[in-house]
Amino acid sequence: MAKTTKTAPLIKKSETKSAVKTPLKLTKQNKIVFGSLLVLFSVALLFAFVSLFLYGQQDQSAVQQLTDRSETVQNWLGKFGAFLADLLVYKGFGIAAFIFVRLFFLSGIYMILGISLGKLKNIWFWDLFVIIIVSVLFGFFATSAPELGGTIGYELNLFLQDYIGKTGTLLILLFGLIIYIIFKIKLSPESIQLFFDTTKKEMKAVSITNPLNNGKSGYNLEEFAVLEEEEIDDIHLKTNGSQFEINKEALKPTITNSSDINRDPIAKPLAMEVTPIATPEVISNTEESFIIETAPEEDIIEENLASRLVADFGLFDPTLDLSNYKFPTIDLLKEYSTGGITINQEELEENKNRIVDTLRNYKIEIAQIKATVGPSVTLYEIVPEAGIRISKIKSLEDDIALSLSALGIRIIAPIPGKGTIGIEVPNKNPTMVSMKSVIGSAKFQEAEMELPIALGKTISNETFVVDLAKMPHLLMAGATGQGKSVGLNAVLTSLLYKKHPAEVKFVLVDPKKVELTLFNKIERHYLAKLPDMDDAIITDNAKVVNTLNSLCVEMDNRYSLLKDAMVRNIKEYNDKFKARKLNPENGHRFLPYIVLVVDEFADLIMTAGKEVEVPIARLAQLARAIGIHLIIATQRPSVNVITGLIKANFPARIAFRVTSKIDSRTILDTQGADQLIGRGDMLYTNGNDVVRVQCAFIDTPEVEKITNFIGSQKAYATAYLLPEFVGEESGINLDMDISDRDTLFREAAEIIVNAQQGSASLLQRKLKLGYNRAGRLIDQLEAAGIVGPFEGSKARSVNILDMSSLDQFFNNEKNK
């Protein structure tokens, strides 16, 4: 019994202690209880304060004799209410004490609803600021009514007047009000002007325009609104000899011809069809079976949305070190095109007739043909008559190319998702796709992707945006001068326009030494390098091997962090770190994405061979989950350069023009790249369909402007440092002097022996060291014989098996 009565209060004491120690770990029920208490207390305060102004004089004696139960009070909250109101209002802040009612009420509501209490800090700060200002203000003006300003306001007012006089006190109060208006209410001259601006917006008249009439408007919709319904039925617009009707239904959302489509290729003339700008524009011609379709131009956003997006990173903000960083503006890019695709109606009609005639020569009849005009290529979609074999049409590729006298005819039979056969024919006058048009497009600016890349525009003139994080690696190939380097610049530019320096880092390998040198200016913003490297952009093939192996070490370190954090990928890890659920003292840190860019992979394979292929294959297989992505470009997509091991881990591929069908099959696993027209014309596949894209063009001066803009801003102290990598040939001094050992040598040895794992990253986490010092400790442990030699990316072997053997080792050293 004695033990039982003795342990019971001890348990209660520990429970009380833990409850006081961790007040934030409240259950949902406890939060509701405390929140309700605060709300009810705020209501009680309100009743007590109001009662003071009604019955304050009668309750003065009762306040002085609070312990006397025979004393009666008029306050609605009794003696406690009279005491509380006297303390906060009369002896406190006066009428400004009513703001306490609001503060306690909001605190209770936030707790009940489960809203983060951190958001209340701003409210409490400004409300307490206002309480003091209002209290002193009433103390200044209402000296005859002390309960308005309270004792604190009255005394503060007298204190200020003794030193700076009435005028100075009034100016201080006025300055306090200005601070509150500017920072809390956020009142500015612009907002005042906007409030009093009563100018009405101009109404733009919506007109109906025939696209073949040089943009001239026909009837205005306002004019149609006046007409009777019967009159609307009789209106015809005539342009260029073609005639189409406008009915009542068409006036509502669109204007469309409702004539029947005859599938006979030699049929009556086709009526003009006008569709709204949201859908592709269809241009009329002389035959009903031939439809010319042009995709609408995308709206250009003149401002880079990333520059005004406020990132919500929870409690931890990884961009805090460069919080004033400004994203590049879109006006740094040049607009090359004239703003739209040039449609040559004669060329379209001529090509259509030649295609139909060629097929008819081989007794292949066409039911319908439609043309979609793109920047550099026009897609002719044909619907053959029933009973025609697709393989027969596909075999006529060279015959169609001969009849059109065109280079790069490509037949898609059938088009995926459609019941048509596609014939891609290059335009005689292609339109250049500028980087500004794809970066400024809404599709890129509003992309919800981790690593968005704007590659260019498709045949339907839509901006083509892909996510590098989902690829997860990209392989680019093409002959010399076909656009690979411009494509790499487009990829890097896209990421610079969307990602903060804290979120992505680049490892750039440039054996040509001239293609990526401009990015040196953003070394301390976006680039990553080895600690002993002078230049962040790698041009020496010997250093590439060390960099790739260093990335493998970084990959292994990151996987260790993910394992400790019990998450599966970098996104989950960073989300957990931002929510402060991971302790930096245990080695955890915010992990930026790392993008490795190799401009000429074939040259590396020729000089380094397996030394490059093995780490590349390891990274391609494993690095996706921890945010390391590879972009490899090569001129020769031969099987000895792009091996099966590499191809298997690079599902996303881009093929610029190559010289043979064999090269096309090597890179794409299908032919077609040998039929491209060059100058940025490319095929993209991610393991499914092959998409033809006109790569966006970005010139060297544009890249220079962007890098100058970024490089002129505040940067980190150094580039992002990768882990040090020491090759097997780099031996260490095994005759290291004992006196030169690190002070943490014994502690490090105990950690290594206990864990039976000899790695620098383990010492980093356990001893909270930098990588350089942890590496020196590993070298000293190897010199002492505690750990084995370097074994690549594997952890070193531990030669001492237990702590007793370690103690004996140190005793033997001491006795020497």
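In this predicted model, helix H4 bends by about 35 degrees at Asp 86. Asp 86 is also one of the buried residues of H4, which include Lys 79, Leu 84, Ala 85, Val 89 and Phe 93. Just after H4, Gly 94 adopts a positive phi of about 70 degrees.

| Helix | Residues | Number of residues | Expected span | C-alpha to C-alpha, end to end |
|---|---|---|---|---|
| H28 | 803-815 | 13 residues | 18 Å | 19 Å |

For H28, the reach from the first C-alpha to the last is close to the expected value.

H28 buries Leu 806, Phe 809, Phe 810 and Glu 813. Seen down the helix axis, the buried residues of H28 fall within an arc of 90 degrees and therefore line one face of the helix. Gln 808, Lys 814 and Asn 815 are exposed on the other side of H28. The cover over the buried residues of H28 includes helix H25 (745-755) and helix H27 (771-784).

The largest nonpolar core has 115 residues, and Phe 506 and Phe 601 have the most contacts inside it. Helix H18 (residues 541-565) gives the most to this core, with nine residues. A second, separate core of 24 residues includes Leu 744, Val 753, Ala 774 and Phe 809. When residues up to four places away in sequence are not counted, Phe 506 touches Leu 492, Leu 495, Leu 496, Tyr 526, Leu 527, Ala 528 and Val 595.

Conventions. Residues are numbered from 1 along each chain as its sequence is written. This is a predicted model: local features need pLDDT of at least 70, side-chain atom pairs count only at pLDDT 80 or more; totals for chains, interfaces and linings use all residues. Side-chain values use heavy atoms; hydrogens and water are left out. The bend at a residue is the angle between axes fitted to the seven residues ending there and the seven starting there. Helices (H or I, at least four residues) and strands (E, at least two) are DSSP runs, numbered from the N terminus. Buried means under 20% relative accessible area, exposed over 50%, partly exposed in between (1.4 Å probe, protein chains only). A nonpolar core is a set of buried Ala, Val, Leu, Ile, Met, Phe, Trp, Tyr and Cys residues joined through side-chain atoms within 4.5 Å. Contact means heavy atoms within 4.5 Å. The expected span of a helix is 1.5 Å times one less than its number of residues. The arc is that of the directions from the helix axis to the C-beta atoms.
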